[in-house]
Amino acid sequence: MVNERLTIAKVLIAGAPGAGKTSLVHSLIFEGFTEVAPTIGVNFAQKVCRGEAGPVNLSIWDLSGQPRFQCLMPRFCQGATGVILVVDVTKSRSLDTAGQWLEFISSFNNVQQEFAVVLAGNKGDLPAVLSQKRIQLFCARHNIMEYIQCSAKTGANVRVVFDSLCSAMQRKHLVLTTSSSNFAQSPT
Ligand SMILES: Nc1nc2c(ncn2[C@@H]2O[C@H](COP(=O)(O)OP(=O)(O)OP(=O)(O)O)[C@@H](O)[C@H]2O)c(=O)[nH]1
Ligand SMILES: [Mg+2]
């Protein structure tokens, strides 16, 4: 039997309503852009992305940004070790909302449970109103190592966002390594 090493991680896509979270995931999976509906609660997807230490099979939990679904979020976020925090670079308030999301996620994650964060500045195909200065201050305040401007519409840097999160999780040992034989032998 082939005993292949598998690396897995659960990641959250969070940010303001309409920032383009679902569009980003759609662009990653289907390599194209289409109009998507606002998310009801959460969407789920899986994709193998590539960090600097190798591939990671990502379980992607794309959270609705709408406050009316917030009560459901603690359940969806359990066990996540990576967060892609999405801001809309054309909306100034998007960054404040992203900060609130980060605090929200941190508040119900076990304090011992560390997670890696990549800040994605989406809608990079449009003129930006968010200044580099504000983004730098935000990253410094929240200890975020990586900001990547991207566009779900053109596909620019979409893959880079997800691959960078894989690298960040690998550096912090936040990916789970198992073997395919574990899956084969586990009871159903
Ligand atoms: N120009 C441009 N429009 C985008 C881009 N990404 C998303 N949009 C548009 O922004 C709107 C919101 O996109 P969604 O992907 O639904 O946003 P969301 O963050 O998932 O929203 P919620 O699920 O309500 O939290 C849609 O009209 C998208 O077509 C982008 O990169 N460029
Ligand atoms: Mg959505």
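**Exercise 1.** In this predicted model, determine which residues of H1 are buried, and identify what covers them.

*Solution.* The buried residues of H1 are Lys 21, Thr 22, Ser 23, Leu 24, Val 25, His 26, Ser 27 and Leu 28. Setting this list against the extent of the helix, residues 21–30, one finds that eight of its 10 residues are buried, and H1 is accordingly described as mostly covered. The next step is to look at the covering elements, which include the strands E1 (5–15), E2 (42–51), E3 (54–63), E4 (82–88) and E5 (116–122), together with helix H5 (158–171).

**Exercise 2.** Describe the shell of residues around ligand 1 by its closest members, its classes and the element that contributes the largest share.

*Solution.* Begin with the count: ligand 1 is surrounded by 21 residues, of which the closest are Gly 20, Thr 22, Ser 23, Thr 39 and Gly 65. Sorting the shell by class then gives 10 polar, six nonpolar and five charged residues. Finally, H1 supplies three residues, the largest share of this shell.

**Exercise 3.** Locate Glu 31 and Asn 143, and decide whether each is buried or exposed.

*Solution.* Glu 31 follows H1 and lies in the loop between H1 and E2; although not a glycine, Glu 31 has a positive phi of about 50°. Because 10 other C-beta atoms lie within 10 Å, Glu 31 is exposed, the cut-off being 12 or fewer. Asn 143 sits in the loop between helix H4 (132–142) and strand E6 (146–149), and its phi is likewise positive, near 55°. With 8 other C-beta atoms within 10 Å, Asn 143 is therefore exposed.

Key:
Residues numbered from 1 in each chain as written. Chains lettered and ligands numbered in written order. Predicted model: local features only at pLDDT ≥ 70, side-chain atom pairs only at ≥ 80, totals over all residues. Buried ≥ 20, exposed ≤ 12 C-beta atoms within 10 Å, placed from the backbone. Helix = DSSP H or I, 4+ residues; strand = E, 2+ residues; numbered from the N terminus. Contact = placed C-beta atoms within 7 Å. Near = placed C-beta within 6 Å. Nonpolar A, V, L, I, M, F, W, Y, C, P; charged D, E, K, R; others polar.
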